[in-house]
Each structure stands twice: as structure tokens, then as C-alpha cells.
Amino acid sequence: MDSNLFIKKIILERDKINNFDVYPFNIEIIKNLNEIEFPKPVTFLVGDNGIGKSTLIEALAVQSGLNPEGGTQNFNFNTKNTHSILSDYIRVLTFNRPKTKFFLRAESFYNVATEIIRVSEEGGQRPIYDSYGGNLHECSHGEAFIKLVQNRFSEKGLYILDEPEAALSPQRQMSLLCLINDLVKDGSQFIIATHSPILISYINGEILDLNNNFEKIKYEDTDIYQTYKMYLSDPYKMQERLFED
């Protein structure tokens, strides 16, 4: 295990849970969870919609001191309190303290960009959005994502990302992959929930399959890779099969 990493493992404190038949403990991957290790600088969590990726990664972010809707440890805005209580029942084992932390989630990124503008306008000094690459609302969704990573993410940081590919074209996903690699070289750690066949191909990453109880899985064996490969090899034949009565 790389001793330069920040998060070593997370442990579900099962003895504190009274009822595994209520949300979020009734989610199958949570019900069966004991602990998850993070031995590499980049860990990908993959699995079907509804499997519990976002619930888990949100809990990890909150337990790491980050705002449930996204941002750094200094963000404390709340558009709507929807995060689960799972963060109260997980313990995060750490190696070191990162220089900076950020939780980036696709579904609430607009709220984060709005909060950055609000704080900038109330500050009365140099707008903080300058450190994010400018006013992110003046960019496309994908451009704003990339600008944030380029300008706000830095060395020796902990970055928790939930489906960052949602706003990115394939070309921009490859750009993100390059940025991730540069940050890893500078001592950063990433934990990413994703459906992107481009991102999970990262050569220095580890993929955990939530469909199979967090089993470590090779890129070519993932459902993501196999589904895209099958479809793209003959999309018209696949559509014939899909559209059959």
C-alpha cells in the first residue's frame, strides 16, 4: 500500500446499526459491507444505476469533512438537505493529512458554482472565483468542470468525484485523465464513482465492482468496457436486437 495516500480504508461500524432494513442500510452493498481498502492513488467505484455508488461516495466525502453538495472543506452551504445518515456510521482510516480536499459531484455542481459567486460578491476583496478559473457560470458545464480541476485542484490533495464524466465529451474526459495523472504524480489521491470507460482505463488506477461486492476487477472485465465494446463493434446489429418485439 502506498504510504503517501491519505485514505487507507473505510470501515462500516456495523455494531452501531440497529436495523439493516431501513435506508441507507438496506442498500445491498451497504448491508454486506465491512470495509474497503484504497491501496492505489486512484480508485474507481463502478456498478449499475441504483447500486449505491453515490450514497457511499457522499458518505465518504461528508466523513472526510466535505460539504454534501460539493466543494472544499470550507463550503457549508445547503440547498436542500438530502444526504443520508450513512456518514455517521463509517470510519475513515487515514495515512496523512492532505493539503487540500474537494468533493465534486455532477448533480450539484451548479450549486457549487453559484456558491463560489455568492462568496466572491460578499467578500469585498479579490473574488475567490479567480482561483477557480473565473466565473464558472460563464462557461459551458464541461468547460467549468475542466477549469475547476485545472485551477483549484493542486498537489497533495484528496479529491472525491461523483460521475465527473456527466458534463464531459470523450475528448474532455481524456483531458481530465491527463489532469488526474499529473496530480497523482504530485502526490494526490482520487476516489471516483463513474460509468466512463475512458476514465476507468487509467493505468495506475484500481477498479472496484459494486455489482460484485467491491471485488477488484480488471478493466477489460468490467460491464462498462464489455457493453461499450459490444455495442460499438456493431451498433446497427445491436439495435436490431434491442428493438425486437
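## A residue to start with

Is N213 buried, partly exposed or exposed? With a relative accessible area of 47%, N213 counts as partly exposed, because that class lies between under 20% for buried and over 50% for exposed. Before going further, please keep in mind that this is a predicted model.

You can find N213 in the loop between β8 (205-209) and β9 (215-217). Its backbone deserves a look too: N213 is not a glycine, yet its phi is positive, at about 55°.

## Another positive phi, and a cis bond

E163 is also worth a visit. This residue has a positive phi of about 50° although it, too, is not a glycine. To locate E163, follow the chain to the loop between β6 (157-162) and α5 (170-185). Its relative accessible area is 23%, so E163 is partly exposed.

Now turn to the loop between β1 (7-12) and α1 (28-31), where P24 sits. The peptide bond leading from Y23 to P24 is cis, and its omega is near 5°.

## A cavity inside

Which residues line the largest cavity? They are I10, I36, F38, L45, L56, I57, L60 and I191. By kind, this lining divides into eight nonpolar residues, with no polar and no charged ones. Helix α2 (residues 53-63) makes the biggest contribution to the lining, giving three residues.

## A nonpolar patch on the surface

Let us move to the outside. On the surface, a nonpolar patch is formed by Y228, Y231, L232, L242 and F243. Together these residues have about 570 Å² of accessible area. Which helix gives the most to this patch? That is helix α6 (residues 223-233), with three residues.

One member of the patch, L242, belongs to helix α7 (residues 235-242). The relative accessibility of L242 is 55%, so it counts as exposed, since the cut-off for that class is over 50%.

## Looking back

Key:
Residues are numbered from 1 along each chain as its sequence is written. This is a predicted model: local features need pLDDT of at least 70, side-chain atom pairs count only at pLDDT 80 or more; totals for chains, interfaces and linings use all residues. Side-chain values use heavy atoms; hydrogens and water are left out. On a 1 Å grid over the protein atoms alone, a cavity is a set of points where a 1.4 Å probe fits but cannot get out, and a pocket is an open set with protein on both sides within 12 Å along at least five of seven lines; lining residues have an atom within 4 Å of a point. Helices (H or I, at least four residues) and strands (E, at least two) are DSSP runs, numbered from the N terminus. Ala, Val, Leu, Ile, Met, Phe, Trp, Tyr, Cys and Pro count as nonpolar, Asp, Glu, Lys and Arg as charged, and the others, Gly among them, as polar. Patches are made of residues with over 30% relative accessible area and no salt bridge: like charges are joined within 9 Å, nonpolar side chains (Val, Leu, Ile, Met, Phe, Trp, Tyr) within 5 Å. Accessible areas come from the Shrake-Rupley method with a 1.4 Å probe; for residues, only the protein chains shown count as cover. A salt bridge is a side-chain nitrogen of Lys or Arg within 4 Å of a carboxyl oxygen of Asp or Glu. Buried means under 20% relative accessible area, exposed over 50%, partly exposed in between (1.4 Å probe, protein chains only).
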